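This report covers the salt bridges of one protein model. Please look at the structure before reading on.

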Amino acid sequence: MPGYIIDLDGTLYAGTNPIPQAAPFIDSLRRAGSPYLFVTNNSSRTPDEVARHLREIAGIPAAAEDVLTSAQAAARYQADAAPGSRVYAIGEQGLRQALAKAGLHLVEGPDDKPDAVIQGIDRSFTYAKLFSASRAILGGAAFIATNSDLQLPTEQGLTPGSGSLSLAIRAASGVEPVWIGKPSPIIMNYAIERLGLPADEIWVVGDNLRTDIAGGIAAGCRTAWVLTGIAQDVDPEEQIRITSIKPELVLRHLLDWPA
Ligand SMILES: [Mg+2]
């Protein structure tokens, strides 16, 4: 029985709109007894909020335990490296809750001598936060970024993603972050561990070639690129040629698996 690592936005729903094949696809996995995990680069929501969004938007009976966010993965990475360490966080509720749950100690800024700066999407990002982050990193703190997505597709068009903030901090500090989210092997390996299966018995399913599919290939998983979300209006062959990222399967939608 294969396992599944499944992307959220663009794969199971599109922003606040349902994707009609998503709920029947998840239902088929439940009936078959296939283990699955919803894995998202979005660090703003807590796992409970992600699960509620899945229930309300996509009609999928999800619980917090079914979710792995880049915030949880970043928190685990730092907690494994330095248990109970002091962290300066730039981010929203999903990141702050994940750090606290991992036993890390949130501090106010560089004067508190943090061991790490952990940064995710922060829609209240300011010069003062950039200043604090770069001072802490120049003072020796590690720099951990939840994900490298530069742009987020929204109803208002493309908006700045967490990675755009990371690159500001990188420029100001001169230090490259440890990237946690897809396509990083860090989050992929935590997801594989949670499923408890060998990587080659797990399908990574998502709408983004550069994050979902590249991350799945790098982790040794099987990959299915679904042409919804950001991939709904693209020429798949052209995208594969441009990116040199070749998924095992290209699906028109989540119920389009070969027999
Ligand atoms: Mg997606």
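## R76 and D80

How many residues apart are R76 and D80 in helix 3, and by about what part of a helix are they separated? They lie four residues apart in helix 3 (residues 70-81), so about one helical turn separates them. Helices here are DSSP runs of H or I with at least four residues, numbered from the N terminus.

The side chains of R76 and D80 form a salt bridge, N to O at 3.1 Å. The term means a side-chain nitrogen of Lys or Arg within 4 Å of a carboxyl oxygen of Asp or Glu.

## Basis of the values

This is a predicted model: local features need pLDDT of at least 70, side-chain atom pairs count only at pLDDT 80 or more, and totals for chains, interfaces and linings use all residues. Residues are numbered from 1 along each chain as its sequence is written, and side-chain values use heavy atoms, with hydrogens and water left out.

## R76 and E193

R76 also forms a salt bridge with E193, with the closest N and O atoms 3.2 Å apart. This pair links distant parts of the chain: R76 sits in helix 3 and E193 in helix 7 (residues 185-195), 117 residues apart.

R76 is partly exposed, at 28% relative accessible area. Buried means under 20%, exposed over 50%, and partly exposed in between (1.4 Å probe, protein chains only).

## Other salt bridges

K129 and D122 meet through their side chains at 2.8 Å, N to O, in a salt bridge. K129 is partly exposed at 23% relative accessible area, whereas D122 is buried at 6%.

Salt bridges also link D7, K182 and D212 in a network. The whole structure holds 11 salt bridges.

Definitions and conventions. Helix = DSSP H or I, 4+ residues; strand = E, 2+ residues; numbered from the N terminus.
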